[in-house]
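Please open the model in your viewer and keep the selection tool at hand.

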Amino acid sequence: MILHALNDLYDRLADDPAYEVAAPGYSLQKISYVVVVDADGRLSEIQDARRDVEGRMRPRQLLVPGSTKSSGSGLNPCFLWDNTGYMLGYRPDDRKPERTRQTFEAFRQRHLGAERAVSSPAFSAVCRFLEAWKPKNAREHLLLTDEIGTGFGVFRIRGQERYVHEDPAVKRWWDGQSATHDPITGQCLVTGRESALARTHDKVRGVAGAQSAGAAIVGFNAPAYESYGKSQSYNAPVSEDVAFRYVTALNSLLDGPQREKHRVVLGDTTIAFWTDRPNAVEDIFLEFAASGSAILEKIDVQDEKQRQKVEFFLRAIRKGRPAYGDLLPDPEDTRFFILALAPNAARISVRFFWQASLGSLLDNVRRHHRDIGLDPSPPAGKWRGDPEMPGIRALLAQTAREPKDVPSTLEAPLIRAIITGSPYPAALYAAVLRRIRADRTVNYLRCCVIKGYLTRSLNMEVTMALDPERPDPAYRLGRLFAALEKTQKDALGEGLNTTIRDTFYSSASATPGSVFPRLLRTYQHHLGKLEGGLKVNRERLVQEILGSLDALPTHLTLPAQGLFALGYYHQTRDFYTKRTKPAHN
């Protein structure tokens, strides 16, 4: 199913010049340097091919002959491109000089052996260079630092704009090589047609945490994984054409010029998103899912077109299906695909794959923000700036002290719950409660996670703001704890270094029967320091909360602890929300 979807995607990307999709027999590679030679083969210079991108030097992507360079101990020289070990017989801080010498000799022999068949003056100039080149001379070129010396390079003839591998005679010869081997044929699992089968599949690049040269999504590297006497990828028979197309399409999403709108990394999970036809949602969905409504803060102030697109998308999510027609003329006929990948040694693990109509995706995203929704950003107070629609990154960050400590087991289940409308992972809810007990911080984002889990996974009705009529003991105890803390602050000053929340929140939310009697005695002392209407109103509020509590529970379950946190948050937020005065006629 995954390979079938990516195989179909190749045709769409190949028709769009913005994606620079490679044709069969070629691949996009990151080129760091250019070896410039004269027409007689003498070295002219070695140039830096990298570009300045936002203050950092990045390799230039070029279309070159052949596929992604495979790893291994064998000698596998590429054609008219490679690393400095193969092209120049030199590596910075070389620990295996004999191996480097062998790689250069293999590269030289491959090209000299093809010179007569290629019959190109530019290619012959490269051959003369390789015949005369002394690897020890590479040390004279200061450009070959560790950063460039470990990248790939290509050849160019001085005075010509095109690279040698772009020479028409070279391209004609290379294109004629694709049909010279004797392939094994069989039925392709993707197309169902009898075709030449791929012995190995190219590497997928752009997966965070995987090997820099790429990793396989389909592969068999040991007899234990093989069956019926078939070796390598013949165990999963896919035609050479399909193997090329699906890897090329996926690499274009993850590592191509348009990857910003198709790829996002959450922890150790790399997510690819695409639709079967170009549309506005495809351009911004992943960044919106990761950042939420805070995506507007990341848009350059001068990019008004992009800002309008994002604002229109946010309005569609708020209003629901009636607004989808303005965003998408045919949301039910447009298909979306989400593929979550994770590194696993030399392979790539598929965390999940999902496809459905784009209309259903937008419905589920809207439902997600409705389920986790709380009233954000009161007119005053420390909650100012809470995003109306929190992103996945912000929600996951509530489970750990540092973003790097977020459990990797939470990312994929949360994304799946959002896009499919399934229950939120219980582990996410439990992790947030543990963080609250650890640092006694009950904030907007953590309460969003709690509300979402209670609403969707436990089918509870939870309001976005304070619900004074809610009878649940846990919710009322949370409100009571907030009232006791506010009374302490009003009596002793808002600048307290330590409040009852810092000292008693964890025990009060788990075993209220043993904690609240002591807190209520302390409350009477703090209440005595208040004056006038503030004292009367606070006592009235506390008595109203206690009025429906027959007894203090000895302990609270995990769901009840979530209600306790929501009651505390709602009541505290209500304290810091300014009241509007009624208008008088």
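Begin by selecting Glu20, which is found in the loop between α1 (2-14) and β1 (26-37). Helices (H or I, at least four residues) and strands (E, at least two) are DSSP runs, numbered from the N terminus. The model is a predicted one, in which local features need pLDDT of at least 70 and side-chain atom pairs count only at pLDDT 80 or more, while totals for chains, interfaces and linings use all residues. Residues are numbered from 1 along each chain as its sequence is written, and side-chain values use heavy atoms, with hydrogens and water left out.

**Positive phi values**

Glu20 has a phi near 50°, a positive value in a residue other than glycine. Its relative accessibility is 40%, so Glu20 counts as partly exposed; buried means under 20% relative accessible area, exposed over 50%, and partly exposed in between (1.4 Å probe, protein chains only). Next, select Gln232, in the loop between β9 (194-196) and α7 (240-255). The phi of Gln232 is likewise positive and near 50°, and this residue counts as partly exposed at 26% relative accessibility.

**Salt bridges**

A salt bridge is a side-chain nitrogen of Lys or Arg within 4 Å of a carboxyl oxygen of Asp or Glu. By this rule the count comes to 33 salt bridges.

- Select Glu105 and Arg108, whose side chains meet in a salt bridge at 2.7 Å, N to O. The two residues are 3 residues apart in helix α3 (residues 97-118), so about one helical turn separates them. Glu105 is partly exposed at 28% relative accessibility, whereas Arg108 is buried at 16%.
- Select Arg367 and Asp371, a salt bridge of 3.5 Å, N to O. Both lie in helix α12 (residues 358-372), 4 residues apart, or about one helical turn. Arg367 counts as partly exposed at 28% relative accessibility, and Asp371 as buried at 7%.
- Select Glu544 and Arg476, which also meet in a salt bridge (3.5 Å, N to O). This pair links distant parts of the chain, with Glu544 in helix α20 (residues 532-547) and Arg476 in helix α17, 68 residues apart. Glu544 is partly exposed at 33% relative accessibility, while Arg476 is buried at 5%.
- Select Lys30, Arg205, Asp255 and Arg259 together to display a network of salt bridges.

**Aromatic pairs**

Rings of Phe, Tyr and Trp (its six-membered ring) pair if their centres lie within 6.5 Å; planes under 30 degrees apart count as stacked, over 60 as edge-to-face and the rest as tilted. The count by this rule is 23 aromatic pairs. Select Trp274 and Phe337: the ring centres are 5.3 Å apart and the planes are at 15°, so the pair is stacked. Trp274 lies in strand β11 (residues 269-275) and Phe337 in strand β12 (residues 335-344), so the pair ties together parts that are 63 residues apart in sequence. Both Trp274 and Phe337 are buried.

Move on to Phe481 and Phe564, a tilted pair with 6.1 Å centre to centre and 55° between the planes. Phe481 belongs to helix α17 (residues 473-492) and Phe564 to helix α21 (residues 558-575), 83 residues apart. Phe481 is buried at 0% relative accessible area, and Phe564 is buried at 0% relative accessibility.
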